[in-house]
Amino acid sequence: MGSCFWVCFVFLSFSLSFVRSQTANATIEGTVFIDGKTPIGTTDEDFICATLDWWPPEKCDYGSCSWGHAGLLNLDLSRNIFLNAVKAFSPLKIRLGGTLQDKVIYETDDNQQPCTSFVKNTSEMFGFTQGCLPMNRWDELNSFFQKAGAKVIFGLNALAGRKIDSNGEAVGAWNYNNAESFIRYTVGKNYTIHGWELGNELCGSGVGTRVSANQYAADTTALRSVVQSVYKNVDLKPLIIAPGGFYDSDWFKEYINKTTESLDVVTHHIYNLGPGVDDHLVEKILDPSVLDGESGTFSGLHNIIKSSSTSAVAWVGEAGGAYNSGHNLVTNSFVFSFWYLDQLGMASKYDTKTYCRQSLVGGNYGLLNTTNFEPNPDYYSALLWHRLMGRNVLSTSFTGADKIRSYTHCAKQSKGITLLLINLDNSTTVQAKPAFNGTMTLRRKHRSRTSHHKHKIHKTSIMKLPKGPDTKIRREEYHLTAKDGNLHSQTMLLNGNILSVNSSGMIPPLEPVHVNSAKPITVGPLSIVFAHMPDVTVAACRVQP
C-alpha cells in the first residue's frame, strides 16, 4: 500500500507537471496584417527621449525614498557607465524638468535672492521650498551633455510672478526676467538647447495649481519673444514647447488655437496606471483594455492639432506610467517593457514625434539604476526601438490572438521594415505570419552569389511572404525575455543571453538571430520580439517624412 502510494503519487505529480508544461507551451497561429500603401504617422528621427528631474534625496513616496542622488543638482556626472548609456543613442533627447521646476530660480546676475537648495517643508506646495540652480552646476551639466551628444530640453519656471488665488488658480502674467537672464547666460556660453519648455503640469485642472489657457497662451507668446530676441544672431533656433501637463481637451483646444504663431511643440504627460503604490500594476500592464485606454488621449490631441491652423506637433513630454515615483520591481523591471514599448508604438500611430520617458535615472521608473547606473530592462527596449524603428509608421493589426500587440515601422537606416510583437499572454506561444496589403517589392536572392533581382507584386489583396525559391531570404529577430521567466527581474535576456555592461561600463552589443523569412515569427509567452525584414519594401517606406 505504501509503495503503491508513492509510485502513484510520483506518477500523478509527473502527469500534472507534463499537463502544466503542455498548457504552458500551447501554440496558436496568427496573422499580422501590415498595410504598406501609405504611412499613418511619422516620428522624429530621435523619437526616444528621457527625463532628468529636480527631486532631492528627501523626496519620498509611501515611505520609500527612491531618488537618492539622481536629481539635477546632485547627480554624479563623472561615471563612465552613465556617459556611455547616453552616448549609445547618439543622440538621446533629455528633458530637464518635473514638479519642482516651477519652484526653481536661476543664479544669474539679475537674481537678488540667495541661491539655496530645496528644503523639505510639508506646508509648501509640492512639499519643498524654492530651490536654485547655480550657474557652475549648469556649466557642469552642459559639459556632460556635450560629451554625451544629448539634445537638451529645459523646463522653465512658469509660476514666477504669479499669485495663487483662493480657488487654487495661479493668476497674473508670467514674470520672465529671471528666465530671460538664464537664457542669455546659456546662449552666451554657446550651450545648445534643443527646446525651451514653459511650465510643468499647470494646464487643465493642474497639479498643485493651474493657469488658464488664455493666460498660458499669452505667456507662451512672451517666451517666443524672449527667445527671438536672445537668439537673433544665433543660426540654430530652439523649439518653443508647452504646456507639459495632463491632457484636457477643452484647455488644450483653446491653448493650441491661441498659440498658432508662437508654439512649436505641444507636450502632454502620461501616468495612466495610477499611483505607484497600487498592488495591481502588473495586472494592468498585462491587460490590453488598460493599454488601449490611452488611445483616447492620443487621438483627441491628434484631432485638435489637425483641425487647428497650428504648425505645432505633439510630444509626450513625460511618461512614467505610475505616478509618485513608480513601484520598485515593477516600473524598473522586465514587466514594464510591455507597457513602455506598447506606449511607444501607440504614440507613433497617432503622429507623436517624440516620447520622453520618466526617467533616465531617478525614482523607481528609471531607465538606469539610481545608484550604479546599470541599465534596467527598459533601457535596452528603448535602445532597440531607437536603432530599429524608423520614422514612417505603418498601419498594423493582428488576428488570431487577443493578447498580441503589434506595431510596424519602416526600418531605421536600413532597407525594409521592422515589426514589433508583444505577447501579453503567460501560457501561449504565437506563430505570427506577416501579410501585406499594398504593393510590395521583395528582393529575391538566387543561388548565384552575385546575382539577385527584385520581384514586384502589384496587388491590393493580402499577400504573404512566398516560400520555395525565396527561402534563402532571412530576417533579423530580437527576442526579449525576463531572466528565469521572472517578470519582476531587472535582468533582460536578448535571444537567451543576459544583457549587462562590462567592467568598463560599456553598453553591450545588441545582436539579432537570423531566421528564414518563410518561417512564422515565434513569440513566446510574456515575451517581446523585434523582427527586421530587410528584403521587404513597401510603398510607404519610399515616402520622405
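This briefing walks you through the disulfides of the structure above. Keep in mind that the model is predicted. A search of the whole structure turns up four disulfides. Counting bonded cysteines along the chain, they pair up in the pattern 1-6, 2-3, 4-5, 7-8.

**Cys-60 and Cys-65**
- A disulfide connects Cys-60 with Cys-65, with an S to S distance of 2.0 Å.
- The link of Cys-60 and Cys-65 is right-handed, with 95 degrees about the S-S bond.
- Cys-60 is partly exposed at a relative accessible area of 29%, and Cys-65 is partly exposed at 47%.

**Cys-115 and Cys-132**
- Cys-115 is joined to Cys-132 by a disulfide, S to S 2.0 Å.
- This pair links distant parts of the chain: Cys-115 sits in the loop between strand 5 (104-106) and strand 6 (131-133), while Cys-132 belongs to strand 6, 17 residues apart.
- The torsion about the S-S bond of Cys-115 and Cys-132 is about -95 degrees, so this disulfide is left-handed.
- Cys-115 is partly exposed, with a relative accessible area of 29%, whereas Cys-132 has 2% relative accessibility and counts as buried.

**Cys-410 and Cys-541**
- Another disulfide joins Cys-410 to Cys-541, S to S 2.0 Å.
- Because Cys-410 lies in strand 18 (residues 404-411) and Cys-541 in the segment after strand 30 (536-538), the pair ties together parts that are 131 residues apart in sequence.
- The link of Cys-410 and Cys-541 is left-handed, with -95 degrees about the S-S bond.
- Cys-410 counts as buried at 6% relative accessibility, but Cys-541 counts as partly exposed at 25%.

Conventions: Residues are numbered from 1 along each chain as its sequence is written. This is a predicted model: local features need pLDDT of at least 70, side-chain atom pairs count only at pLDDT 80 or more; totals for chains, interfaces and linings use all residues. Side-chain values use heavy atoms; hydrogens and water are left out. A disulfide is a pair of cysteine sulfur atoms within 2.5 Å. Buried means under 20% relative accessible area, exposed over 50%, partly exposed in between (1.4 Å probe, protein chains only). Helices (H or I, at least four residues) and strands (E, at least two) are DSSP runs, numbered from the N terminus.
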